[in-house]
Each structure stands twice: as C-alpha cells, then as structure tokens.
Amino acid sequence: MAEGSKEELTPQQVQATYQQIEKECSVMINKIAELEQELNEHSLVIKAFDKVDSSRRCFRMVGGVLVERTVAEVRPAVEGNLDKIQQAVNQLQEQLKKKTEQRTQFIKKYNLASPNQKATETEAPSNKGGGSVLV
C-alpha cells in the first residue's frame, strides 16, 4: 500500500510537478536557441575564412584575452567548437523530446488540460450561444 500512496498526488503536487516539467522544457528550448545562434556565428566565421588567405592574421578571444593568430591556426579550433556545439544541440534536443513525452504522459495520467485547451474550452461555450444573426 505504501507504493500506492506515493503515486497519489494532491492537486497542488500535480500542479507543482507539471509546472516544473514545463519550466524544464522552457529552459531546454531557450538553451537550444542560444546554441543554435552560436552555431550560426561559428558558420559565418568559417565562411569568412573561406574567402581569405590562410596566412592572414586574425584575432580570437581566448579566456577574455584577445589573441593574434593566423587563419590557419584558428580555423581548426572554430571548426572543433562548431562540432561540439552541434553535439550539444543534438543532446539537448533528445532530452527535450524525452521531457516532452514525460509531460504528455503526465497530462494523460492526471487528465490535465493545457492552457491552450482551457482557452478554447472557455471560448467554445460563448460561441455556441444563440446562433442567430440580427441584420
């Protein structure tokens, strides 16, 4: 019986758990967007490197210090960072997918309605009113 009582949540606990899941999803979505912006910036730098000589000097920020290097020295590091960021985005997308599935199962288990569904449910009765039109 102890296991059964663990699964029974009060409405406040259900709401708190649902809000926590929603918050985690939002954090992941924001982080994915941030990393995708980093991907775009790294891609732009790599495209710029394609147009210049590999012996040309360039500057790179390393730990808050601006360091002078050549394109040939910096390009592998930028490409490596691009790959690592892409891997991080892929991992976060997988985690988000799992968290979204968890949220869907939680909604089904506790028969919750998402805010979008609640909005349409409250609008629907008002639209079903008279049905006749005065001209």
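Where is His 42 found? I looked it up in the model, which is predicted. His 42 sits in helix α2, residues 11-50.

**His 42.** Is this residue buried or exposed? I get a relative accessible area of 14% for His 42. The cut-off for buried is under 20%, so His 42 counts as buried. I then listed its contacts, leaving out neighbours within four places in sequence. His 42 is in contact with Val 78, Asn 81, Leu 82 and Ile 85.

**Core.** Next I checked the largest nonpolar core. This core has 21 residues. Which residues have the most contacts inside it? They are Phe 49 and Val 89. Helices α2 and α3 (71-109) each supply at least two residues of the core.

**Surface.** I looked for nonpolar residues on the outside. Phe 59, Met 61 and Leu 66 make a nonpolar surface patch of about 350 Å². Leu 66 lies in strand β2, residues 65-70. Its relative accessible area is 56%. Exposed means over 50%, so Leu 66 is exposed.

**Cysteines.** How many disulfides are there? I count zero, with a cut-off of 2.5 Å between cysteine sulfur atoms. Cys 25 is buried, at a relative accessible area of 3%.

Notes:
Residues are numbered from 1 along each chain as its sequence is written. This is a predicted model: local features need pLDDT of at least 70, side-chain atom pairs count only at pLDDT 80 or more; totals for chains, interfaces and linings use all residues. Side-chain values use heavy atoms; hydrogens and water are left out. Helices (H or I, at least four residues) and strands (E, at least two) are DSSP runs, numbered from the N terminus. Buried means under 20% relative accessible area, exposed over 50%, partly exposed in between (1.4 Å probe, protein chains only). Contact means heavy atoms within 4.5 Å. A nonpolar core is a set of buried Ala, Val, Leu, Ile, Met, Phe, Trp, Tyr and Cys residues joined through side-chain atoms within 4.5 Å. Patches are made of residues with over 30% relative accessible area and no salt bridge: like charges are joined within 9 Å, nonpolar side chains (Val, Leu, Ile, Met, Phe, Trp, Tyr) within 5 Å. Accessible areas come from the Shrake-Rupley method with a 1.4 Å probe; for residues, only the protein chains shown count as cover. A salt bridge is a side-chain nitrogen of Lys or Arg within 4 Å of a carboxyl oxygen of Asp or Glu.
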